[in-house]
Amino acid sequence: TGIDVQASRHHYWHMTRPMWASLAAHAEAGLRFDSSVSFQDEPGFRLGIALPFEPWDPVNQRTVETLQVPTMLMDTMLLKGEDDSIDSALARFESLLEHLKAASGISAIDWHEYTSVPAGQRREPLGHLYREILGCVSADSEVAVVDYESFEDELLHAPSPTSRASRV
């Protein structure tokens, strides 16, 4: 493609079991960032880590040199059933965000483009929820929202972890 790929995420977090072979392949491919270590169905931090990290590969006894940016949630994790409301889903997100802020954490949110606008009966609630989440994080002075292109300069070279705002 002629494009220098710097970051990745496995679709629906389908990696090898155990995951170390997939993560090692990311490093061998030259990826700098990855967000593949996540739960498939529930929000939260799969390895209990809310900061970017280079995972230890117990099979090869070495660090995987692709920085893992933990994923906090995917769009379909908050609105699963007919009984789920936008308000209850937003409350779950706000709770996760409070935990992230308490840890001065950094996390990715995986939101698909086809669920980011309130169009179509099936996806409409996800589009509305996304707008609410964007409003929530943009109104919070303790949260900075950045893209991967800005990630390294803005976050990794910050003076100290305690001086950073939580990042999404």
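This is a predicted model: local features need pLDDT of at least 70, side-chain atom pairs count only at pLDDT 80 or more; totals for chains, interfaces and linings use all residues.
Residues are numbered from 1 along each chain as its sequence is written, and side-chain values use heavy atoms, leaving out hydrogens and water.

View 1. Is S107 buried or exposed? With 3% relative accessibility, S107 counts as buried (buried means under 20% relative accessible area, exposed over 50%, and partly exposed in between, using a 1.4 Å probe and protein chains only). You will find S107 in the loop between α2 (86-102) and β7 (108-110). Helices (H or I, at least four residues) and strands (E, at least two) are DSSP runs, numbered from the N terminus.

**View 2. S104, in the loop between α2 and β7.** Phi of S104 is near 50°, a positive value in a residue other than glycine. S104 is partly exposed, at 24% relative accessibility.

**View 3. The aromatic pair of W111 and Y130.** A search of the whole structure finds one aromatic pair. The two rings, from W111 and Y130, are stacked, at 5.0 Å centre to centre and with 20° between the planes. W111 sits in the loop between β7 and α3 while Y130 belongs to helix α3, so the pair ties together parts that are 19 residues apart in sequence. For this count, rings of Phe, Tyr and Trp (its six-membered ring) pair if their centres lie within 6.5 Å; planes under 30 degrees apart are stacked, over 60 edge-to-face, and the rest tilted. W111 is buried, at 12% relative accessible area, whereas Y130 is partly exposed, at 23%.

**View 4. Helix α3 and what covers its buried residues.** Helix α3 has 15 residues (124-138) and should span 21 Å at 1.5 Å a residue; its end C-alpha atoms are 21 Å apart, which agrees. The expected span is 1.5 Å times one less than the number of residues. Which residues of α3 are buried? They are L126, G127, L129, I133, C136 and V137. Their cover includes α2 and β8 (143-144), where contact means heavy atoms within 4.5 Å.

**View 5. R9 over the face of W13.** R9 lies 4.8 Å from the ring centre of W13. A charge sits over a ring if NZ of Lys or CZ of Arg is within 6 Å of the ring centre and within 35 degrees of the ring normal.

**View 6. The cis peptide bond from R17 to P18.** Omega of this bond is near -5°. P18 is in the loop between β1 (7-8) and α1 (20-28).

**View 7. Q61, in the loop between β3 (56-57) and β4 (62-63).** Here phi is near 55°, a positive value in a residue other than glycine. Q61 is exposed, with a relative accessible area of 54%.
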